[in-house]
Amino acid sequence: MKVLTMTTHTDSITLKIWDKSAIDHTIDAAIQSLSHRAAAENCGIAVTLSGPKTFTVSLSR
């Protein structure tokens with residue numbers, strides 16, 4: 001898995017993913033991590049494409 005950068009906040013995780021084959025697995029892991037930390041359901045999580053090869057996983061409140 002090639003993740004160039006990962007920025008973590010209490011309500012979001014931003015990932016820059018270079019390896020296309022790792023996108024699904026990496027985003028799934030980020031969703032699980034954020035939902036566990038925030039004690040939220042997976043359905044309360046939003047994933048957005050926030051730049052080239054950059055994804056933001058955040059709480060959707």
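Tutor: Let us begin with strand E4, where both faces are covered: Thr54, Thr56 and Ser58 on one side, and Phe55, Val57 and Leu59 on the other, are all buried. Buried means under 20% relative accessible area, exposed means over 50%, and partly exposed lies in between, with a 1.4 Å probe and protein chains only. Strands (E, at least two residues) and helices (H or I, at least four) are DSSP runs numbered from the N terminus. The model is a predicted one, in which local features need pLDDT of at least 70 and side-chain atom pairs count only at pLDDT 80 or more, while totals for chains, interfaces and linings use all residues. Residues are numbered from 1 along each chain as its sequence is written, and side-chain values use heavy atoms, with hydrogens and water left out.

Student: Which strands pair with E4, and in which sense do they run?

Tutor: In general, two strands pair if DSSP finds at least two bridges between them. Here strand E2 (residues 12-17) runs antiparallel to E4 and is joined to E4 by 5 bridges, with Val57 in E4 as the bridge partner of Ile13. Strand E3 (residues 45-51) also pairs with E4 in the antiparallel sense, over 6 bridges, and here Ala46 stands opposite Ser58. The hairpin of E3 and E4 has 2 residues between the strands, and in this hairpin Lys53 takes a positive phi near 60 degrees.

Student: What is Thr56 in contact with, leaving aside its neighbours within four places in sequence?

Tutor: Contact means heavy atoms within 4.5 Å. With those neighbours left aside, Thr56 is in contact with Ser12, Ile13, Thr14, Ala46, Val47, Thr48 and Ser50. Its relative accessible area is 15%, and Thr56 is therefore buried. A polar contact is a pair of N or O atoms within 3.5 Å, where within protein one must be able to donate a hydrogen and the other to accept it, and residues adjacent in sequence count only if both atoms are side-chain atoms. The side chain of Thr56 makes such a contact with the side chain of Thr14, at 3.5 Å. Thr56 and Ile13 are 43 residues apart in sequence, yet their C-alpha atoms are 5.7 Å apart in space.

Student: Which residues of helix H1 are buried?

Tutor: In H1, the buried residues are Thr26, Ile27, Ala30, Ile31, Leu34 and Ser35. Seen down the axis of H1, these buried residues fall within an arc of 160 degrees (taken from the directions from the helix axis to the C-beta atoms), so they line one face of the helix. The face turned away from that buried side carries the exposed residues His25 and His36.

Student: Which residues make up the largest nonpolar core?

Tutor: A nonpolar core is a set of buried Ala, Val, Leu, Ile, Met, Phe, Trp, Tyr and Cys residues joined through side-chain atoms within 4.5 Å. The largest one has 11 residues, namely Ile13, Leu15, Ile17, Ile27, Ala30, Ile31, Leu34, Ile45, Phe55, Val57 and Leu59. E2, H1 and E4 each supply at least two residues of this core, and the largest share, 4 residues, comes from H1.

Student: In what order do the elements of the chain run from the N terminus on?

Tutor: The chain has 1 helix and 4 strands, which run β-β-α-β-β from the N terminus on. Buried residues make up 30% of the 61 residues in the chain.
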